[in-house]
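This briefing is meant for a reader who is meeting the structure for the first time. Please keep the sequence and the model in view while reading the points below.

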Amino acid sequence: MTLSDGWDSDELARAERLVDRIGADAGAQIVAVRAPGRVNLIGEHTDYSGLPVLPVAIDRSTIVIAAANTTGEIDVTNADPAWQGRRFAIERKIPPYETGDWANYVKASIQGVIDHFPAHALRGASMVVDGRVPPAAGLSSSSALAVSTALAFMAVNQLELDPLEAATMVARSERYVGTHGGGMDQAASIFGRRDHALFIEFDPLRVRAIKMPANAALVVADSRQIADKSGTVRAEYNRRVVECSLAARILGRALKLDGVTILGDVVRALPGWNASDLVEKLAVTSPAQLGADLKDAANILGVMQNALDADLLGQGPTRIALDPTRPLEVLKRARHVLTETERVIRAATVLEAGRLEEMGTLMDASHQSLADDFECSTHRLDALVECARRGGALGARLTGAGFGGSIVALCDVSNADAVIESIDHGYYAKHYPGTTPKNWRAVLHAGPGASVVDLRATA
Ligand code: GLA
């Protein structure tokens, strides 16, 4: 695959330092891949509804070096000894490790490549991973790992893919870990561009780079509330995927549209309808909340309850388990997704025009909607957002899935230090007295997307 370069000297040095650890034969080809994390500026929880997002790839990357081996296995070592090395066979259906195991993202990406190239006899690979995207901070360290290992495995096997196809493949493959996510993180990691944000649309995937205004700075601050997607956060995330799909199906039926499964299907079919028209239609068609047993939902949709259950929740190991004691919030979730979509589209225009104040206002509104309607903010995230605003940020919001993780604040370059100071005093000093929050918040820059280089070509 042809991907822009984008390695800086630091990253190349990091890759070179890993070479000794890979144990490849002298003269064997060694490839190195870098894949960045991302911070989403706006368009949260819209991607799995097939609706647009506006992230930037960040200047924090995961690096993988890889060489073919003859064992038919993937042998993956992590440069950080806290993450144990793993070895597994390449087979048609790779069984996952226990939930929460870091290497499940490696298994996911390898499985994705196997599924994409079913006719290929794939060689095993030894890999060393060096991840510098902070984990569980909402900056998509998991996708950086999945993208980098997928590209490394493909390179070792001399397989090429168009970047759009690669992004789609890795996005799909991540479902292996049990999160029914959209495609934002993988596309951002692959299509990242220095000093640019990415307006990403789905079905089909399209990416348009938008230059970041020179006076814009992005302050990213980690709440230190773990947003680990493998536990309760996964359950909450998947629950919202179900709620959004239900809202879409109900609207689709009410509006006599065929084959609707996601809100994007509705939005695309009815370009003349705005968010409030659709929310109003939903409000008169369905109760705002529906039982988690899907009985009432099946009635409204005129389908069998068990068919709806299988369709929405899936089957097998990645089946979504819904907490039966709480109702499904159909109206609120749809209101967030539909209004957020309007904000994203507007944000692309105002960012391109350099109108940062308006961009900030949209980010503030996004946070409010995520807190009130999508219910994925936390007191900690709200407090961080407040501190950023008090420090003079033009706008601030949670970024990523929420339920913990990080916030992103947009500010004028000249004001970034004041925003950081406000966060340090108002948040970290209060929750983590006596510590230096240096590694928990930073001005991050839009950086280049994933790229593959030959570190050592075959002799
Ligand atoms: C996670 C998922 C993304 C996206 C965001 C929320 O990061 O991986 O696909 O859904 O949450 O916007």
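## R208 and its surroundings

The side chains of R208 and E352 are joined by a polar contact of 3.1 Å, where a polar contact is a pair of N or O atoms within 3.5 Å, one able to donate a hydrogen and the other to accept it within protein, and residues adjacent in sequence count only if both atoms are side-chain atoms. This is a predicted model, in which local features need pLDDT of at least 70 and side-chain atom pairs count only at pLDDT 80 or more, while totals for chains, interfaces and linings use all residues. Residues are numbered from 1 along each chain as its sequence is written, and side-chain values use heavy atoms, with hydrogens and water left out.

**Around R208**

- R208 belongs to strand β7, residues 206-211; strands (E, at least two residues) and helices (H or I, at least four) are DSSP runs numbered from the N terminus.
- With a relative accessible area of 37%, R208 is partly exposed, a class that lies between buried (under 20%) and exposed (over 50%), using a 1.4 Å probe and protein chains only.
- Apart from neighbours within four places in sequence, R208 is in contact with A197, L198, F199, A348 and E352, contact meaning heavy atoms within 4.5 Å.
- L198 is 10 residues from R208 along the chain, and their C-alpha atoms are separated by 5.7 Å.

**The sheet and the helices on it**

- An open sheet with mixed pairing is formed by 6 strands in the order β4-β3-β5-β2-β1-β14, two strands being paired if DSSP finds at least two bridges between them.
- Its edge strands, each pairing on one side only, are β4 (86-89) and β14 (451-456).
- Strands β2 (residues 54-69) and β5 (residues 124-131) run antiparallel and are joined by 8 bridges, and A68 has A125 in β5 as its bridge partner.
- Helix α3 (residues 141-156) lies across β1 (30-42), β2, β3 (73-78), β5 and β14, at about 150 degrees to β1; axes are lines fitted to C-alpha atoms, for helices over the stretch in contact, and angles run from 0 to 180 degrees between N-to-C directions.
- Helix α5 (residues 184-191) also packs on the sheet, where it touches β1 and β2 and makes about 120 degrees with the direction of β1.
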